[in-house]
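Here is a friendly briefing to read beside the model. Take a look at the structure first, then work through the points by topic.

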Amino acid sequence: MPEIGLIPITPTSVSSTGTGNSSAIEPDGSVSFTTCNTLSVDGVFSSSYENYMVVMRSVGSVAFTPFWVRFRVSGSDNSTANSYVNQFISVSSTSVSGDRQTADRGRVSTTSSTRRSGSTTYFYGPFLTSPTAWASRNMDSQSGAAILDIGGTHNQSTSYDGFTFVNDSTNTFSGLLTVFGFNQ
Amino acid sequence: MSRNGLYLVKPTTVDKTGTGSTATINTKGSVTFSACTSISMNGVFTQEYDNYLIVLRATLTALAAFRLRVRSSGTDNTTANSYTEQYNFGNGTSVTGLRSTNNLGAFSWVGPTNMAGYIGTIYGPYLTQPTAWRTVSASNDGSGAIVDYAVTHSQSTSYDGFTLYNNGLTQSASGLLAVYGMRN
């Protein structure tokens with residue numbers, strides 16, 4: 001009997017910030033969240049799997065809201081200066097552009113208030129005591145439809161057990177995400 | 001009763017090259033490899049599934065392109081001009097594309113400094129029809145870059161595996177490689 005390839009992972013805990021925010025672990029292990037400025041998901045990375053996939057649907061509080069990731073361990077985010085580098089490619093109508101950003105957090109997606117946004121993010125090796133990489137493919141709903149692709153690296157040789165999605169400023173996002181481990 | 005959509009496929013054998021190289025088929029079917037200039041996964045494509053997902057995290061000893069050839073019964077297909085690739089490269093504010101035709105296909109770039117991760121979907125390799133694949137990556141070129149490939153292979157041949165190798169065959173790669181069948 002072949003092994004199942006993708007395993008849903010239930011976090012050990014979730015926490016969030018933002019006026020009127022809420023976040024909860026659903027019975028199936030997914031995480032629902034409402035009007036969050038930040039959303040932390042703990043206990044999802046472990047020695048069981050090296051690579052992970054996070055699938056998220058979301059709606060934002062404003063027309064365009066980029067948001068970011070920080071990796072965390074034991075409930076504490078890693079915000080080491082310049083440790084996150086990400087490259088993005090943005091396609092909006094006939095305009096194709098790119099940029100690279102270096103910061104204490106990594107760009108992972110965008111959400112919008114006008115229509116639904118969707119993202120699939122892959123995390124490579126976050127639990128290993130070595131640098132981490134991620135890639136995300138986004139359906140960005142600003143202007144109705146746009147493509148946002150992101151690839152990034154985090155240079156700290158730290159073992160992480162979770163992550164935080166961070167929205168810009170006081171903007172908030174709402175939706176549902178599920179974390180999967182790639183069986184190995 | 002819902003069915004699982006993704007299954008981890010265990011290779012029948014693994015071949016490798018490189019001084020001091022190792023490649024181990026793990027219990028469930030992923031492959032851990034070290035110091036490989038090439039790694040071949042045999043017996044991963046079968047009549048069981050049409051389409052497959054390849055998940056790779058890796059580092060190379062120096063920045064180089066990761067190439068892919070499909071293979072059957074332990075032999076790579078090297079037919080001249082049978083692989084056509086389109087790549088999309090995001091490097092800072094520069095976004096470029098290029099199409100080329102070769103006797104080998106592309107998978108992505110890898111480099112030594114940070115972790116790099118790749119997802120490739122390969123369509124119909126076991127069918128006696130042309131094959132295609134699409135890869136998306138978090139590449140550590142410049143610490144963060146996007147290198148995506150779309151590749152077609154024109155031969156109407158049934159393949160049971162593939163080889164990943166670097167261009168110059170002097171750099172070696174280490175990491176974890178897993179193949180998943182997508183239920184039809």
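**Briefing on a predicted two-chain model**

In chain B, 53% of the 184 residues are buried, where buried means under 20% relative accessible area, exposed means over 50% and partly exposed lies in between (1.4 Å probe, protein chains only). For chain A, with 184 residues as well, the buried share is 54%. This is a predicted model, in which local features need pLDDT of at least 70, side-chain atom pairs count only at pLDDT 80 or more, and totals for chains, interfaces and linings use all residues. Residues are numbered from 1 along each chain as its sequence is written, chains are lettered from A and ligands numbered from 1 in the order in which they are written, and side-chain values use heavy atoms, with hydrogens and water left out.

**Fold and dimensions**

- Chain A has zero helices and 17 strands, counted as DSSP runs numbered from the N terminus (helices are H or I, at least four residues; strands are E, at least two).
- Chain B also has zero helices, with 16 strands.
- The radius of gyration of chain A is 16 Å, which agrees with the value near 16 Å for a compact globule of 184 residues; the radius is taken over C-alpha atoms, and the globule rule is 2.2 Å times the number of residues to the power 0.38.
- Chain B, with 184 residues, has a radius of gyration of 16 Å and agrees with the globule value near 16 Å.
- Along the principal axes, the C-alpha trace of chain A spans about 45 × 40 × 35 Å, and the C-alpha atoms of chain B fill a box of roughly 45 × 40 × 35 Å.
- Take the contacts (heavy atoms within 4.5 Å) between residues at least 6 apart in sequence: in chain A, 68% of them join residues at least 24 apart.
- The corresponding share in chain B, again for contacts between residues at least 6 apart, is 67% joining residues at least 24 apart.

**Surface and charge**

- Chain A has an accessible surface of about 6,800 Å², and carbon and sulfur atoms hold 51% of it; accessible areas come from the Shrake-Rupley method with a 1.4 Å probe, and for residues only the protein chains shown count as cover.
- For chain B the accessible surface is about 7,100 Å², with 47% belonging to carbon and sulfur atoms.
- Chain A carries 9 positive and 12 negative side chains, and the centres of the two sets are 8 Å apart; Lys and Arg count as positive and Asp and Glu as negative, while His and the chain ends are not counted.
- Chain B carries 11 positive and 8 negative side chains, with the two centres 5 Å apart; each charge is placed at NZ of Lys, CZ of Arg, CG of Asp or CD of Glu.

**The interface between the chains**

- At the interface, 36 residues of chain A are in contact with 41 residues of chain B.
- About 2,900 Å² is buried between chain A and chain B, and carbon and sulfur atoms give 62% of that area; buried area is the accessible area (1.4 Å probe) that two parts lose on being put together, summed over both.
- Arg100(A), Tyr124(A) and Gln184(A) supply 20% of the area that chain A buries against chain B, more than any other three residues.

**Buried loop residues in chain A**

- Thr172(A) sits in the loop between strand S16 (162-167) and strand S17 (173-182), and is buried at a relative accessible area of 13%.
- Leaving aside residues up to four places away in sequence, Thr172(A) touches Thr35(A), Cys36(A), Asn37(A), Val59(A), Gly60(A), Ser61(A) and Asn167(A).
- Ser112(A) belongs to the loop between strand S12 (106-111) and strand S13 (117-124); Ser112(A) is buried, with a relative accessible area of 0%.
- From Ser112(A) to Asp140(A) there are 28 residues in sequence and 7.4 Å in space, C-alpha to C-alpha.

**Exposed loop residues in both chains**

- Ser74(A) lies in the loop between strand S8 (65-73) and strand S9 (76-77) of chain A, and counts as exposed at 67% relative accessibility.
- Although Ser74(A) is not a glycine, its phi is positive, at about 50°.
- In chain B, Ser73(B) is in the loop between strand S7 (64-72) and strand S8 (75-76), is exposed at 66% relative accessibility, and has a positive phi near 50° without being glycine.
- Thr19(A) is in the loop between strand S3 (13-17) and strand S4 (22-25) of chain A, and counts as exposed at 79% relative accessibility.
- Thr19(A) and Cys36(A) are 17 residues apart in sequence, and their C-alpha atoms are 7.5 Å apart in space.
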